[in-house]
Amino acid sequence: MKKIILTGGGTAGHVTPNIALLPTLKERGYEVHYIGSKDGIEKKLIQSMNIPYYEISSGKLRRYFDLKNFTDPFRVLKGFSDAKRILKQIKPDVVFSKGGFVSVPVVIAAKRCRIPAIIHESDMTPGLANKLCIPSAYKVCCNFPETVQCLPEGKAVLTGSPIRQELFEGSRERGLNFCGFDSSKPVILIIGGSLGSVAVNKAVRNVLDTLLESFQIIHLCGKGHIDDTLKNKKGYVQFEYIQKELNDLFAAADLMISRAGANAICEILALKKPNILIPLSAAASRGDQILNAKSFRKQGFSYVLEEEKVNDASLLKAISEVYDHRQTYIDAMNKSDMNNAIQMIADLIDKAASNK
């Protein structure tokens with residue numbers, strides 16, 4: 001049996017694409033193992049799936065001053081030693097990394113052990129962890145055409161991001177019933193991220209009465225952002241967070257409003273949902289969401305509304321524009337080359353394993 005080690009962690013976005021690959025890897029005969037940190041979110045997610053999990057020491061490489069900057073390099077070095085020991089023990093045919101700082105010592109150790117490592121970069125410009133991994137990588141999978149141009153020649157492959165199969169198995173009818181809606185009006189699904197977005201939440205609620213004249217609204221507003229004064233508003237439902245029924249809510253949606261995190265927008269693309277992206281501002285991030293959104297706008301997949309320009313008029317105009325021309329957006333997404341990421345990445349893994 002072929003063996004593969006998956007790695008990645010720190011956030012759910014560095015784990016869920018690995019989880020999306022699991023059924024196909026098992027179908028292709030791989031024995032799957034996972035390397036992660038001792039206390040990261042990946043440990044709980046992977047162990048719940050009965051995948052052998054190996055802990056390594058992990059340190060964060062920061063671009064800003066922090067006292068931990070003096071101790072974390074030693075944790076990274078120990079992580080490299082841990083990873084090398086595990087690789088020699090398991091003897092995998094290939095390593096696949098979804099990123100995060102825990103992946104850095106694993107990918108570097110894989111090169112030292114002459115094991116091909118494939119890494120995946122979600123954002124348009126590589127984050128620091130993947131920048132450190134790229135020289136040791138066999139191939140670099142990415143989500144944006146622009147990313148290919150800034151990676152070493154021959155390494156970059158435009159694949160898109162692996163999407164969990166269950167997201168395609170939602171039911172519009174179940175979604176409408178769950179929300180207490182009917183089919184008389186189209187549905188807008190608003191996702192502000194797991195922590196919510198104050199700017200997006202406020203903008204939507206400011207124009208809620210106007211929107212409800214033409215739409216029904218599902219609002220995933222984030223933890224602590226439920227507005228009790230709107231709980232009985234007909235045609236409007238709000239949730240802090242949804243997991244089990246998310247695929248049904250996606251199926252019910254005719255239009256989506258979302259942040260522009262790489263995994264979120266790749267799910268929107270895979271599901272072919274007309275959408276408005278409101279990227280996190282440069283003041284609150286390294287600007288990756290802005291670049292992601294611009295690329296999707298350039299490819300005709302999305303309408304982009306900058307957070308600083310969100311107001312009642314701009315939001316209503318964006319919703320009207322996207323809904324009236326929704327088929328144009330759907331047609332553009334149907335033409336995308338990134339509609340089969342799992343098969344493309346699995347093929348790369350097979351090739352790397354056979355060339356080991």
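Visitor: Is Ser37 buried or exposed?
Guide: In this predicted model, Ser37 counts as buried because its relative accessibility is 7%, and the cut-off for buried is under 20%.

Visitor: Which strand holds Ser37?
Guide: Ser37 belongs to strand β2, which covers residues 30-37.

Visitor: And which residues does Ser37 touch?
Guide: Leaving aside residues up to four places away in sequence, Ser37 touches Glu42, Lys43, Tyr53, Glu55, Ile56, Ser58 and Val102.

Visitor: What lies 3.0 Å from a polar atom of the Ser37 side chain?
Guide: That is the backbone nitrogen of Gly40.

Visitor: Turning to the open sheet, what is the strand order?
Guide: The order is β10-β9-β8-β11-β12-β13, an open sheet of 6 strands with parallel pairing. The edge strands are β10 (236-239) and β13 (303-304), and each of these pairs on one side only.

Visitor: How many bridges link β9 and β10?
Guide: Strand β9, residues 216-220, pairs with β10 over 4 bridges in the parallel sense. Within that region, Leu220 has Phe239 of β10 as its bridge partner.

Visitor: What holds paired strands together in general?
Guide: Strands of a sheet pair through backbone hydrogen bonds, in either a parallel or an antiparallel manner.

Visitor: A change of topic: how many residues of helix α11 are buried?
Guide: Helix α11 spans residues 262-271 and is mostly covered, with 9 of its 10 residues buried. Among them are Ala262, Asn263, Glu267 and Leu271.

Visitor: What covers the buried residues of α11?
Guide: The covering elements include the helices α1 (16-27), α10 (246-252), α12 (288-298) and α14 (326-334), together with the strands β11 (255-258) and β12 (275-277). Strands β11 and β12 also belong to the open sheet described above.

Visitor: Which residue just after α11 has a positive phi?
Guide: Lys272 does; its phi is about 60 degrees.

Visitor: Now the second largest pocket: what is its volume?
Guide: The volume of the second largest pocket is about 250 Å³. Its lining consists of 16 residues, and those nearest the centre are Ile163, Gln165, Phe168, Asn339 and Ile342.

Visitor: How does the lining of the second largest pocket divide by class?
Guide: The lining has 8 nonpolar, 6 polar and 2 charged residues.

Notes
Residues numbered from 1 in each chain as written. Predicted model: local features only at pLDDT ≥ 70, side-chain atom pairs only at ≥ 80, totals over all residues. Heavy atoms only, no water. Pairing = 2+ DSSP bridges. Helix = DSSP H or I, 4+ residues; strand = E, 2+ residues; numbered from the N terminus. Buried < 20%, exposed > 50% of the residue type's maximum accessible area, 1.4 Å probe, protein only. Contact = heavy atoms within 4.5 Å. 1 Å grid on protein atoms, 1.4 Å probe; cavity = no way out; pocket = protein on both sides within 12 Å on 5 of 7 lines; lining within 4 Å. Points joined across faces, edges and corners; volume = space filled by probe spheres on them. Nonpolar A, V, L, I, M, F, W, Y, C, P; charged D, E, K, R; others polar. Polar contact = N/O pair within 3.5 Å; in protein donor to acceptor, adjacent residues only side chain to side chain.
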